[in-house]
Amino acid sequence: LHDGLAGEILLIQRSIPDQLPQVQANLLRANQDLRNFSHQLDAKRKSRSPLPDILSDYINHNGLLDQLQISVDFFPKPFDVLDGELKSNLFRIWQELLTNTLKHSGATHCSLQLAFINKKIEINYEDNGVGVNAGEEQQGLGLSHIRERVGLLKGKVYQMEKESGFSIKMEIPVKKSSVVYS
């Protein structure tokens, strides 16, 4: 942190009188370094917290219930994922889905269901917003990032057709020893 961010701040301080564009570039770089560092710290904290708590904390600490009715269900009962990388990816997938819902859908409700069945985690997500056509190529990066993450986990993504709203299902294979019931 000291070498990266502190060095960037020193560069900014020294360049203020000279060149405004350089100051902007240095500030942008410092901001990116800080974001990267905070994501690393956040990932370590999340890997030690139970998945249901991580999801609940995210909803509650970001004021999301003021914007959207959100339901989260675990089946057959609450479970946690022991693999920190898998847990982080599951959270990032859910975060991307929720971000897309808030930014693009106009939804008033969304639902996330997580199930651990037959050595795989099934994720079902839907909202009551404007939806997207499963067959059409999407312009945004959100669904691409989700597909990429699920693919890295050797999983599958199924975008479901719905009369209204958005619905997606993901299946991610896991070792039974990677999941414990709460």
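This is a predicted model: local features need pLDDT of at least 70, side-chain atom pairs count only at pLDDT 80 or more; totals for chains, interfaces and linings use all residues.
**A first stop: Lys154**

Select Lys154, which counts as exposed at 67% relative accessibility. Lys154 belongs to the loop between helix H5 (142-152) and strand S5 (156-160). Its phi is near 65°, a positive value in a residue other than glycine. Most residues other than glycine have a negative phi, and most peptide bonds are trans.

**The whole chain**

The chain holds 5 helices and 7 strands. Of the 182 residues, 36% count as buried. Contacts may also be viewed by separation in sequence: among those between residues at least 6 apart, 66% join residues at least 24 apart.

**Helices H3 and H4**

Two packed helices are described by the angle between their axes and the distance between the axes. Select residues 51-61, which form helix H3, together with residues 84-105, which form helix H4. The two axes come within 11 Å and cross at roughly 30°. Angles under 35 degrees count as roughly parallel, and H3 and H4 are therefore roughly parallel to each other. The crossing of H3 past H4 is right-handed.

Which residues make the contact between H3 and H4? On the H3 side, show Leu51, Ile54, Leu55, Tyr58 and Ile59. On the H4 side, show Lys87, Leu90, Phe91, Trp94, Gln95, Leu98 and Thr99. By class, the residues of this contact comprise 9 nonpolar, 2 polar and 1 charged.

**Helices H4 and H5**

The axes of H4 and H5 lie 10 Å apart, and the helices pack at an angle of about 165°. Are H4 and H5 roughly parallel or roughly antiparallel to each other? Angles over 145 degrees count as roughly antiparallel, and this description therefore applies to H4 and H5. H4 passes H5 in a left-handed crossing.

To see the residues involved, select Asn89, Arg92, Ile93, Glu96, Leu97 and Asn100 in H4. These meet Gly142, Leu143, His145, Ile146, Arg149 and Val150 in H5. The contact of H4 with H5 divides into 5 nonpolar, 4 polar and 3 charged residues.

Return to Lys87, one of the H4 residues in the contact with H3.

Next, select Lys120 and Glu171. These residues form a salt bridge whose closest N and O atoms are 3.8 Å apart. Lys120 lies in strand S4 (residues 120-127) and Glu171 in strand S6 (residues 166-173), so the pair ties together parts that are 51 residues apart in sequence. Lys120 is partly exposed, with a relative accessible area of 24%, whereas Glu171 counts as buried at 16%.

Lys169 is partly exposed, its relative accessible area being 22%. Through salt bridges that share partners, Lys120, Lys169 and Glu171 are joined into one network.

**Two further backbone points**

Select Phe75 and Pro76 and display the backbone atoms. The peptide bond from Phe75 to Pro76 is cis, with omega near -5°. Pro76 is found in the loop between strand S1 (69-75) and strand S2 (79-81).

Finally, move to Asn118. Where is Asn118 placed? It occupies the loop between strand S3 (109-117) and S4. Phi of Asn118 is near 50°, a positive value in a residue other than glycine. Asn118 is exposed, with a relative accessible area of 68%.

Terms used. Residues are numbered from 1 along each chain as its sequence is written. Side-chain values use heavy atoms; hydrogens and water are left out. A salt bridge is a side-chain nitrogen of Lys or Arg within 4 Å of a carboxyl oxygen of Asp or Glu. Helices (H or I, at least four residues) and strands (E, at least two) are DSSP runs, numbered from the N terminus. Buried means under 20% relative accessible area, exposed over 50%, partly exposed in between (1.4 Å probe, protein chains only). Axes are lines fitted to C-alpha atoms, for helices over the stretch in contact, and angles run from 0 to 180 degrees between N-to-C directions. Angles under 35 degrees count as roughly parallel, over 145 as roughly antiparallel, 65 to 115 as roughly perpendicular and the rest as oblique. A crossing is left-handed if the near helix is turned anticlockwise from the far one by less than a right angle, and right-handed if clockwise. Contact means heavy atoms within 4.5 Å. Ala, Val, Leu, Ile, Met, Phe, Trp, Tyr, Cys and Pro count as nonpolar, Asp, Glu, Lys and Arg as charged, and the others, Gly among them, as polar.
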